Amino acid sequence: MFPTHHEGARTPTVTTGATTGSDSNGRSDRSPSLRRIAMRRIEWKDEYDIDIGAIDEQHKALIALANAMDEAVENGQDAEIVEETIDHLIDYVAVHFASEEAFFEERHFPGLEAHKREHERLLRELLELKEDLALGLVHVAREIVDWMWRRIIPHFLEFDRRAADWIARERRRKKLHTSRDDVAA
Ligand SMILES: [Fe+2]
Ligand SMILES: [Fe+2]
C-alpha cells in the first residue's frame, strides 16, 4: 500500500513560490543562518522523478509536508501547530521508508539491505533534530528543512534512483526473455 498523505495532516500542497525568509510576527529566530535556511523552501523538480509513480507521489507528499511545516513557522502559528506539522512529517518519513522497502523487497532488489540501513540512518538523524527542542520549534523546523535539502533530496537522487533503475532494467530483461520464449514456442 502506498499512502500518499498522512492522516490528520492538513491537505499538503507543493509550494512553488519563493519565501521572503522573514517572519511575519517577529517571534522567530532571525539569526542570518536560519534566515538563509528559511529561504530555501523546497520545490519539486522533474529531475527528482524516479519514474515509479507511487514512490514519486510519496516523495511529493514529503516535500509538501515539509513546506506545510515551514509555512506554519512563517505564518507565526502557535507552537502546538508547528509541533504537529513536525510530527506529521516525521511520521510520514517513517511510513514512506517502510512502504518503499516493501516495494523493493517484493521486486527482490539486491541493494535492499544497504537501502534499509540508509533509511534507518536518515530516520535517526531526523529524530535527533527533533530532540533539539530546547533551541525552539522554529529552530527545529528550519533545521529539518535544511536536512531535507542535504539528506532527503540527495537520497531520492542517489539511492531511490538506483533502486528504480535496477527495477526498470529487470522489467526490460524479463520482458525480453518472455518475448524470446514466445518466438521459440
Ligand atoms: Fe524514497
Ligand atoms: Fe529510499
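The model is a predicted one.

Ala141 touches Met69, Asp70, Val73, Val82 and Ile86, not counting residues up to four places away in sequence.

Helix H2 covers residues 53-74. Of its 22 residues, 16 are buried, so H2 is largely enclosed by the rest of the structure. At 1.5 Å a residue, the 22 residues of H2 should span 32 Å, and the 31 Å between its end C-alpha atoms agrees with this. Just after H2, Gly76 adopts a positive phi of about 65°.

Two helix pairs can be set side by side. Packed helices are described by the angle between their axes and the distance between the axes.

| Helix pair | Axis angle | Axis distance |
|---|---|---|
| H2 and H3 | about 170° | 9 Å |
| H3 and H4 | roughly 175° | within 11 Å |

Angles over 145 degrees count as roughly antiparallel. H2 and H3 are therefore roughly antiparallel to each other. In their contact, H2 contributes Ile55, Gln58, Ala61, Leu62, Leu65, Ala66, Ala68, Met69, Ala72 and Val73, which meet Ile81, Val82, Thr85, Ile86, His88, Leu89, Tyr92, Val93, His96, Glu100 and Phe103 in H3. The residues of this contact divide into 16 nonpolar, 4 polar and 1 charged.

The second pair joins helix H3 (residues 79-106) to helix H4 (residues 112-130), whose axes cross at roughly 175°. That crossing makes H3 roughly antiparallel to H4. From H3, the residues Ile86, Ile90, Val93, Ala94, Phe97, Glu101, Phe104 and Glu105 meet Leu112, His115, Lys116, His119, Leu123, Leu126, Leu127 and Lys130 in H4. This contact of H3 with H4 comprises 10 nonpolar, 2 polar and 4 charged residues.

Ile86 of H3 meets residues of H2, takes part in the contact with H4, and is touched by Ala141. Val93 likewise belongs to the H3 side of the contact with H2 and of the contact with H4.

Note on methods: Residues numbered from 1 in each chain as written. Chains lettered and ligands numbered in written order. Predicted model: local features only at pLDDT ≥ 70, side-chain atom pairs only at ≥ 80, totals over all residues. Axes fitted to C-alpha atoms, helices over the stretch in contact; angles between N-to-C directions. Helix = DSSP H or I, 4+ residues; strand = E, 2+ residues; numbered from the N terminus. Parallel < 35°, antiparallel > 145°, perpendicular 65-115°, else oblique. Contact = placed C-beta atoms within 7 Å. Nonpolar A, V, L, I, M, F, W, Y, C, P; charged D, E, K, R; others polar. Expected span 1.5 Å × (residues − 1). Buried ≥ 20, exposed ≤ 12 C-beta atoms within 10 Å, placed from the backbone.
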